[in-house]
Amino acid sequence: MAYQKVVISGIDTSKLEVLKESEKMQLLREYQDTGSKLARDRLIQGNLRLVLSVIQRFSGRGEDMDDLFQIGVIGLMKAIENFDLTKEVRFSTYCVPMISGELRRYLRDYHTVKVSRSLRDLAYKAMQAKEQLTLAYGREPNVEDIAQRIGEERADVVMALESVSDPVSLFEPLYSDSGDTLYLIDQISDPNTDESWLHEMTIREAIRKLSPREQSILNRRFLQGKTQMEVASEIGISQAQVSRLEKGAIAKIKAEI
């Protein structure tokens, strides 16, 4: 099979070696048993195509592909160092989340999204209004109440509050080993492998074990993209209760996985 020539970080990717799984296992054993630099270098070279495929998921964000490729290689090297040969896991199955995790850490640590001053000020006004209305009503107010109180559009209030809240998403960490984190999205992001659909089945089974209320909250939060305050208003409980139920449901899914 002929590969299109793509030069990245000075490497002609069309000429990269592609190792079979049995070859990877043999080289991993050799490296772990003897510390062979040659075996390690062949492992790196033989998995650069895997790095290239992973960084495609992060393209289109204005990032320099050479930089992403180099960060991905760091994730690959960590996978080589930490892979456990005693476990029946394909190296690529273990390697992809490690590479993805390294890329996400890089993007998170060096490319933090900046919230504008006006948006922060609006969020501050909204939070003050929320406290005042909670005291007045004896319950947590909904977004409409807050928007009317401060004379702002509902959509603007939602955006402001979300901009200063801690994000919870499919990038929620599921498992951490030796400082390398596995994220929920890593388990379901590639539908073209046997491992991926098996992981997805595991997640679906874990979700089915949740209570109807927990399932409803996760559906509204992550599939419909609603805020905790909107969910609270719809199902008639406080935002704090939504937050506790959401975190509890995610914890149960983690435990199942």
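Predicted model: local features only at pLDDT ≥ 70, side-chain atom pairs only at ≥ 80, totals over all residues.
Residues are numbered from 1 along each chain as its sequence is written, and side-chain values use heavy atoms, with hydrogens and water left out.

So what is around Glu-230? Its place is in helix α12, residues 228-235 (helices are DSSP runs of H or I with at least four residues, strands are runs of E with at least two, and both are numbered from the N terminus). If you set aside neighbours within four places in sequence, Glu-230 is in contact with Val-143, Arg-154 and Val-158, contact meaning heavy atoms within 4.5 Å. With Arg-154, the side chain of Glu-230 meets in a salt bridge, 2.6 Å from N to O. That pair links distant parts of the chain, as Arg-154 sits in helix α8 (residues 154-163) and Glu-230 in helix α12, 76 residues apart. Arg-154 counts as partly exposed, at 32% relative accessibility.

A salt bridge here is a side-chain nitrogen of Lys or Arg within 4 Å of a carboxyl oxygen of Asp or Glu, and by this rule the count comes to 13. Another one joins Arg-90 to Glu-21, with the closest N and O atoms 3.7 Å apart. Arg-90 lies in the loop between α4 and α5 and Glu-21 in helix α1 (residues 21-34), so this pair ties together parts that are 69 residues apart in sequence. Arg-90 is partly exposed, with a relative accessible area of 42%, while Glu-21 counts as buried at 18%.

Stay with that loop for a moment, and look at the rings. Rings of Phe, Tyr and Trp (its six-membered ring) pair if their centres lie within 6.5 Å; planes under 30 degrees apart count as stacked, over 60 as edge-to-face and the rest as tilted. The whole structure has 2 aromatic pairs. Together, ring pairs link Phe-83, Phe-91 and Tyr-94 into a cluster. Phe-91 is buried, with a relative accessible area of 0%, and both Phe-83 and Tyr-94 are buried too.

Now move along to α13. Its buried residues are Gln-239, Val-242, Ser-243, Glu-246, Ala-249, Ile-250 and Ile-253. Seen down the axis of α13, they fall within an arc of 135°, so they line one face of the helix; the arc is that of the directions from the helix axis to the C-beta atoms. On the other side of α13, Arg-244, Lys-247 and Ala-255 are exposed. Ala-240, also in this helix, counts as partly exposed at 32% relative accessibility.

Stepping back, the protein has 13 helices and 4 strands. Buried residues make up 38% of its 257 residues.

Conventions: Buried < 20%, exposed > 50% of the residue type's maximum accessible area, 1.4 Å probe, protein only.
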